[in-house]
Each structure stands twice: as C-alpha cells, then as structure tokens.
Amino acid sequence: MTIAGQTALRAAPSVETTDVFAADIIAGLTAKTKRLPAKYFYDAAGSALFERITQLPEYYPTRCELALLREHAPAIASLFPPNCALIEFGSGGSKKARLVLGAAATVEAYVPVDISGDYLQQDVPALRRDFPHLAVHPVVADFTQSFAIPAAISPLPRVGFFPGSTIGNFEPDEAVNFLRHAGAMLGRGAVLVIGVDLVKDANVLWPAYNDAEGVTAKFNLNLLTRINRELGADFDLATFHHRAFYNRRRSRIEMHLVSARHQEIRVNGTTVHFRAGETIHTENSYKYTPATFAALAKRAGWSRLRVFTDGMFCVQTIRYQ
Ligand code: AVJ
C-alpha cells in the first residue's frame with residue numbers, strides 16, 4: 001500500500017539474512033581473537049534494551065545530545081537547503097530527528113534508515129500524524145552497506161543525520177570509509193549532522209557502560225540469546241559475564257563477554273572452544289575531541305561547519321567538499 005508521497009515499509013522486518021548472520025557469527029567466534037559486529041545487538045529485544053539504556057542515569061550521551069539538539073535545532077536547520085530530504089542513518093526511534101524536523105520547515109522528506117524493521121515500523125505512523133506535510137520514506141537496510149534511496153526523493157537536495165555517536169562503533173579507518181560513502185550518497189556540498197561522544201574522565205565513562213541496574217549487561221548478553229535463537233546455539237548465559245572498560249590508549253570503551261570457564265559451544269554445526277577467562281569482543285565505542293573528529297572527517301572529504309557542545313558530547317555539522 002502506498003499513500004501519495006509516502007513509501008510503504010520495504011523488505012522483511014530485518015534485512016540481514018540468516019546466512020550472512022551465520023557466516024559473520026561463525027567467522028567472529030572462530031577467529032584467533034573472538035569478535036562479533038556490534039550491529040547484531042539490534043534485534044527487537046536488543047533495540048528495546050538499548051532504549052532502556054538511553055533512560056539510565058549513568059548513560060549521559062542521549063540526554064546530552066537531546067539537550068544540544070533542543071537548544072540548537074534552529075541554528076542547525078538554518079544550514080539546510082530549501083526543500084531538502086533528511087536521511088537518518090540508523091534511526092532507531094526518531095526522537096532526535098523530531099527535534100530537528102520541528103525546527104526545519106524546509107525539510108520536505110524524511111528517510112529513516114534502520115536495520116531493525118520492527119522498530120522502524122512502530123514509529124512511522126506517529127511521524128506521519130505529527131508531521132502531515134512531511135513525506136516519510138522508511139528504509140529497512142544496514143546503513144553500513146549501500147542502500148537504495150527512495151525514488152520519490154531522488155530530485156531533492158539531501159542532508160544527512162547520524163546522531164547518537166554510533167560513528168564511535170566504527171574503527172577510525174572504517175569511520176572514514178563510512179563518511180566517504182555517506183558523502184557520495186548525499187552529494188557534493190551536502191550537510192551532515194553527526195553526534196560524537198567526547199573523550200572524558202574514565203570515572204564518567206565506566207558507569208555509563210556498567211550501569212548499576214545491569215541493563216547494559218543484559219544488552220550485551222542478549223547477543224548470545226539471539227545466536228541461540230537464530231542459529232540454534234547452546235550458549236549458557238550464566239557462564240558468560242559482561243565486561244566494559246575504557247581503553248585510554250585507544251580512546252575507546254570496549255565491551256566484552258567473558259567466559260567464566262573452559263567450555264565448548266555448538267553454533268550452527270560448528271564447535272567453538274572457550275578457555276576460562278577468554279572473551280568475545282562485542283563492541284568498541286570510540287571517543288573523540290572536536291578536533292580529532294574534525295580531522296577524521298577531513299580525511300573523508302568533509303569540512304567542519306559548526307560545533308555544538310556541552311563538554312560531554314558534541315553535535316558537529318560538516319559539509320561534503
Ligand atoms: C549506540 C553505539 C552509540 O556506544 O554508546 C550503549 C551503544 N553500547 N551502551 C554506545 C551502547 C553500550 C551506544 N551507541
């Protein structure tokens with residue numbers, strides 16, 4: 001069903017096929033240093049757990065970014081070309097986009113892109129109700145890969161929106177590649193609004209990834225529940241525990257799942273061996289300074305426009321050269 005100017009939700013609830021998922025999981029668990037892509041945190045349960053993380057007292061990034069967007073949305077929107085399309089990479093719920101859309105009457109179309117179709121589905125009807133003049137074109141896709149821009153918006157100038165410091169999940173070189181890819185998709189002269197978490201005291205960072213309620217631990221362990229469900233594995237969650245720490249030398253938070261004992265896990269017909277204390281590296285969350293991020297963006301062909309920061313988090317606006 002398509003409503004004039006509106007695109008129905010395309011593709012299946014979740015894009016990554018089980019084959020790709022299986023291959024990535026097996027490759028990660030049989031690697032010399034076990035490592036799994038953080039994007040696989042976000043099944044429906046994982047997305048819901050992350051939503052809870054954003055409400056936690058210790059997890060400051062979302063609160064800081066929302067306050068910055070609330071305060072500076074008019075200044076940010078003033079950088080947008082008239083009648084543009086706002087393309088959001090990894091939208092999850094569109095709470096942040098609403099703040100920008102509310103200040104930017106010049107935005108004609110909104111394209112939320114998310115790997116979790118279920119999540120995207122929930123949000124679109126409310127967006128259409130609250131922004132009746134706005135054409136909403138949800139796209140279920142892995143934004144780290146190429147995806148098709150809805151035909152209906154192809155004539156419009158594009159603005160990118162990448163909040164939440166999800167850029168921090170990429171290794172710096174991968175971040176440069178992603179920004180190049182985004183630049184090619186958005187076009188020369190395009191503006192990108194990007195949220196970047198800042199380097200800060202480990203006493204502030206550590207609790208943000210080791211909250212007292214244990215929600216982050218559940219979010220991390222949920223990856224094993226997903227592998228058990230989708231690949232018929234036999235992970236016993238009671239024999240793995242959450243670990244997150246700040247690697248100062250690499251300016252990143254690292255998240256791991258630690259095997260409490262020597263054990264063997266069957267995954268999709270493959271036996272995976274764990275030594276006691278061996279870990280699965282499940283996420284990096286790189287932290288930048290406004291200058292180190294601007295330098296990284298420059299490597300990808302982006303120049304800095306304006307930076308909005310509260311010292312804890314920053315929203316940078318950059319332009320593709
Ligand atoms: C969604 C990637 C920005 O790294 O802070 C939250 C994910 N991991 N708690 C982050 C996350 C653990 C979050 N990002």
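**Figure 1. Helix α6 and the glycine that follows it.** In this predicted model, α6 is followed by Gly187, whose phi is positive, near 105 degrees. The helix has 15 residues, which at 1.5 Å a residue should span 21 Å; the C-alpha atoms at its ends are 21 Å apart, in agreement with that expectation. Its buried residues are Ala175, Val176, Phe178, Leu179, Ala182, Gly183, Met185 and Leu186. The cover over these buried residues includes β1, β5, β6, α9 (290-299), β12 and β13.

Figure 2. Met185 belongs to helix α6, which comprises residues 172-186. Its relative accessibility is 11%, so Met185 counts as buried, the cut-off for this class being under 20% relative accessible area. Apart from neighbours within four places in sequence, the contacts of Met185 are Phe89, Phe147, Ile149 and Arg158.

Figure 3. At Glu71 the helix bends by about 55 degrees, and a proline, Pro74, follows within four residues. Buried positions in α3 are Tyr60, Pro61, Thr62, Cys64, Glu65, Leu66, Leu68, Leu69, His72, Ala73, Ile76 and Ala77. The packing partners of these buried residues are the helices α4 (95-103) and α7 (202-209), together with the strands β5 (158-162), β6 (191-197), β12 (302-309) and β13 (313-320).

**Figure 4. Thr317 in strand β13.** Strand β13 contains Thr317. With a relative accessible area of 0%, Thr317 is buried. Its side chain reaches the backbone nitrogen of Arg306 at 2.8 Å. Leaving aside neighbours within four places in sequence, Thr317 is in contact with Ile76, Leu79, Leu192, Val193, Ser303, Arg304, Leu305, Arg306 and Phe308. One of these contacts, Ile76, is among the buried residues of α3.

**Figure 5. Arg252 and its polar contacts.** Arg252 lies in strand β8, which comprises residues 252-259. Its relative accessibility of 8% means that Arg252 counts as buried. The side chain of Arg252 makes a polar contact of 2.9 Å with the side chain of Glu254. A further polar contact, of 3.3 Å, joins the side chains of Arg252 and Asn284. Not counting residues up to four places away in sequence, Arg252 touches Glu171, Phe245, Tyr246, Asn247, His281, Asn284, Ser285, Tyr286 and Lys287.

**Figure 6. Two asparagines with positive phi.** Most residues other than glycine have a negative phi. Asn83 has a phi near 50 degrees, a positive value in a residue other than glycine. Asn83 is found in the loop between α3 and β1 (84-89), and with a relative accessible area of 43% Asn83 is partly exposed. For Asn268, phi is near 55 degrees, again positive in a residue that is not glycine. Asn268 lies in the loop between β9 (263-267) and β10 (270-274). At 47% relative accessibility, Asn268 counts as partly exposed.

Key. Residues are numbered from 1 along each chain as its sequence is written. This is a predicted model: local features need pLDDT of at least 70, side-chain atom pairs count only at pLDDT 80 or more; totals for chains, interfaces and linings use all residues. Side-chain values use heavy atoms; hydrogens and water are left out. The bend at a residue is the angle between axes fitted to the seven residues ending there and the seven starting there. Buried means under 20% relative accessible area, exposed over 50%, partly exposed in between (1.4 Å probe, protein chains only). Contact means heavy atoms within 4.5 Å. A polar contact is a pair of N or O atoms within 3.5 Å; within protein, one must be able to donate a hydrogen and the other to accept it, and residues adjacent in sequence count only if both atoms are side-chain atoms. The expected span of a helix is 1.5 Å times one less than its number of residues.
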